[in-house]
Amino acid sequence: MNARHFFLTLTGGLLALGLGGCTAKTDAPAPAASSSAPAKASAAALPAVTITTVRAQQRDLPVLHNATGTVMALASVDIKSQVTSVVSKIHIQDGQFVKAGELLFTLDSRTDEANLAKARAQLAKDNALRADAQRQLARAQQLYSQNFISQGAVDTAQAQLDSMAASVVADQAAIEAARVAVSYARISAPNAGRAGAVNVSQGSVVQANLTSLVTVTQLDPIAVGFNLPQRTLADTLAALKNGGAAVKATIADGGASFVGHLKFVDNAVDPSSGSVKVKAVFANPDGKLWPGAFVDISQTVNTLKDAVVIPQATIIPNARGTMVYVVEAGKAVLRPVRVVLAQGDDAAVTGVKAGESIVLDGKQNLRPNSPVLEQARAS
């Protein structure tokens, strides 16, 4: 081997050795770099979830029973004549509001007035006969004292006086009866209320206790009847005490609301429906509650004192029960709760304390211990 060939061979070996060393230095750090990537990912913070929260409140929560009720009049009287007669005059119009005792109809009373005059005349006659009997008795007693007549004649005179006195009493009773008959000719409203359609005309013949003249329905105050389930009977009976618990009635389709008081609980449970009939009374000066109308009833029968109350929308039902997310140290912590009472939009619960922040909106994006970013709740 000549010198030139040896030099080229040695130079190629050194170059190969140098390139191999460089390659080893370049590839060696690669495993270390790939093993440090998971550590950096776990150390990085998860993105915060934007949520809105509400504060758990400690307050009294009313226990309400809801039902559908029917407005009904406390008094609705179908006016009928007590005598067969002819309508002389009508003093009201269809749909008129009337006061108690206001005159509604006048009937032909000429026959009854004649009978009253006859009874008075009979009374005057019998009074005259009684006065004569008194004189006859006095005369008989005087003659008896002088031994001109017997005791039997005195007794007869006394009996005559007693008979005439009884006739006078009977005449007075006949006059009272005639007055009652005459009073039937004047038909007055038995209670204040609204008159319905007048069913007769002037000159019409009405039959005693058969012909309906008009119906007067009391509107103020007015009642609402509704049914409550048997399980609420104990609370309802307790609410009946001390003047009756408050009852709220709301006219359907967004109508006005009224507040009345519970006044009546039926004495038996309907076995076919398992419910009990209940009635509440409402002031109705403007006549907005109308008989036969349907209303939504909300009755307060009890109150939970110092309950922890949260919105029902914050509660998450799952296979393990009911949960809520509570914000602690900037994280959402899943906590089990027990619902004591769900009422409207609120729920009384145990498992959280008053003042704690409960997640309302955004909880669907949360996982236990997720970092959160609280946002003001839109009013």
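**Close-up views of a predicted model**

**View 1. Meet T217 and the residues around it.** Skip the neighbours within four places in sequence, and T217 is in contact with A73, A75, S76, A192, G193, R194 and P291. This model is predicted, so keep that in mind for every view here. T217 sits in strand 10, which covers residues 212-217. One of its contacts gets a closer look: the side chains of T217 and S76 make a polar contact at 3.1 Å. Is T217 buried or exposed? With a relative accessible area of 16%, T217 falls under the 20% cut-off, so it counts as buried.

**View 2. Helix 3, checked end to end.** Helix 3 runs over residues 110-145, which makes 36 residues. At 1.5 Å a residue, helix 3 should span 52 Å, and its end C-alpha atoms are 53 Å apart, so the two values agree. The buried residues of this helix are D112, L116, A119, L123, D126, A133, L137 and A140. What do they pack against? Their partner is helix 4, residues 151-183. After helix 3 comes N147, with a positive phi near 65°.

**View 3. Strand 1 and its two partners.** Strand 1 takes in residues 49-55 and is mostly covered, with five of its seven residues buried. It pairs with strand 21 (residues 370-375) in the parallel sense, over four bridges. Look for T50 here: its bridge partner in strand 21 is L373. Strand 1 is also joined by four bridges to strand 20 (residues 357-361), and that pair runs antiparallel. For this pairing, find T53, whose bridge partner in strand 20 is V359.

How values were computed
Residues are numbered from 1 along each chain as its sequence is written. This is a predicted model: local features need pLDDT of at least 70, side-chain atom pairs count only at pLDDT 80 or more; totals for chains, interfaces and linings use all residues. Side-chain values use heavy atoms; hydrogens and water are left out. Helices (H or I, at least four residues) and strands (E, at least two) are DSSP runs, numbered from the N terminus. Buried means under 20% relative accessible area, exposed over 50%, partly exposed in between (1.4 Å probe, protein chains only). A polar contact is a pair of N or O atoms within 3.5 Å; within protein, one must be able to donate a hydrogen and the other to accept it, and residues adjacent in sequence count only if both atoms are side-chain atoms. Contact means heavy atoms within 4.5 Å. The expected span of a helix is 1.5 Å times one less than its number of residues. Two strands pair if DSSP finds at least two bridges between them.
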